[in-house]
Amino acid sequence: MHFWVVGTDTDVGKTVVTTLLMRQLQQEHLQVIPYKPVQTGEIYVNGHSYYEDTAMYQKYSLQKLKEAHLNSYSLKAAASPHFAAQLESQQIEVDKLLQHIEELQQSYDVVICEGAGGLFVPLDSEKQLTLLDVIVHSQLPVVVVTRTSLGTINHTLLTMEALQARQIEVLGMAFNGYTGSRLEQDNIKTILTYHSIPYAIIPPLQEHTQLVAHSIKATSLFERLYVYESTIH
């Protein structure tokens, strides 16, 4: 079982969902690797530099992760991948990303590829290549992460339409940051009216202890992933 975790926008919680799914699948005694093809926004604290996404993978993984397997491009600027690469006189090679994904699939039971930003975030503006192009060529299904707040209906339906137009299988959806308001309840209900698929509802997980304690194993989304894994193997 290998799949993408993609978002309707930036900062919707893709890394949180990727980490939760990683931990749950590891608890099923599967060898799991989270993979962030392109990460941006280097963070400096007390003379130490790191990237938030891959640092979270390593911190909460139940298995030792090989750093070289987590990422292909790490770019310093907190910007769209294509622009962050330009600032460093680099060019993101889509073939390199696809090759890395293929190699990881040979070594792990589960490869969770985490996208950057939304589906149409550009990786190479000159060649007009986006994250969505990589997903299409990888031929892997996706889990969609979306917000529960105002505006999520439009963003989510547009994302689903783009995936369906390219015949990309959607395994499920994660509604992240749910606080229980009536607006959020209606947003989720409305989206599911358009797309009846497995889903998980995740509350805000701001404390590290909350992330460790939170489980999505009982949700239909995880059950769908488990069934998908069983059919593949």
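Analyst: Let's start at Ile112, which touches Phe3, Val5, Thr18, Leu21, Met22, Leu25, Val32, Ile33, Pro34 and Tyr35, leaving aside residues up to four places away in sequence. Contact here means heavy atoms within 4.5 Å. Please keep in mind that this is a predicted model, in which local features need pLDDT of at least 70 and side-chain atom pairs count only at pLDDT 80 or more, while totals for chains, interfaces and linings use all residues. Residues are numbered from 1 along each chain as its sequence is written, and side-chain values use heavy atoms, with hydrogens and water left out.

Ile112 belongs to the largest nonpolar core, a set of 62 residues in which Phe3, Trp4, Ile112 and Val142 have the most contacts. Such a core is made of buried Ala, Val, Leu, Ile, Met, Phe, Trp, Tyr and Cys residues joined through side-chain atoms within 4.5 Å. Buried stands for under 20% relative accessible area, exposed for over 50%, and partly exposed for what lies in between (1.4 Å probe, protein chains only). With six residues, helix H1 (residues 14-27) gives the most to this core. Helices (H or I, at least four residues) and strands (E, at least two) are DSSP runs, numbered from the N terminus.

Next comes Phe120, in the loop between strand S6 (110-114) and strand S7 (122-124). Phe120 touches Thr130, Leu132, Ala162 and Arg166, again not counting residues up to four places away in sequence. From Phe120 to Thr159 there are 39 residues in sequence but 9.3 Å in space, C-alpha to C-alpha.

Now for two helix pairs. The axes of helix H4 (residues 94-107) and H5 come within 10 Å and cross at roughly 40°. Axes are lines fitted to C-alpha atoms, for helices over the stretch in contact, and angles run from 0 to 180 degrees between N-to-C directions. H4 is therefore oblique to H5; under 35 degrees counts as roughly parallel, over 145 as roughly antiparallel, 65 to 115 as roughly perpendicular and the rest as oblique. Val94, Leu97 and Leu98 of H4 meet Val134, His137 and Ser138 of H5.

H6 and helix H7 (residues 182-194) also have axes that come within 10 Å, crossing at roughly 25°. These two helices are therefore roughly parallel to each other. On the H6 side the contact is made by Thr152, Ile153, Thr156 and Leu157, and on the H7 side by Asn187, Thr190, Ile191 and Tyr194.

Finally, two loop residues deserve a look. Gln139 sits in the loop between helix H5 (131-138) and strand S9 (142-147), and its phi is near 60°, a positive value in a residue other than glycine. Most residues other than glycine have a negative phi. Gln139 is exposed, with a relative accessible area of 71%. Gln167, in the loop between helix H6 (152-165) and strand S10 (170-176), has a positive phi of about 55° although it is not a glycine. Gln167 is exposed, its relative accessible area being 76%.
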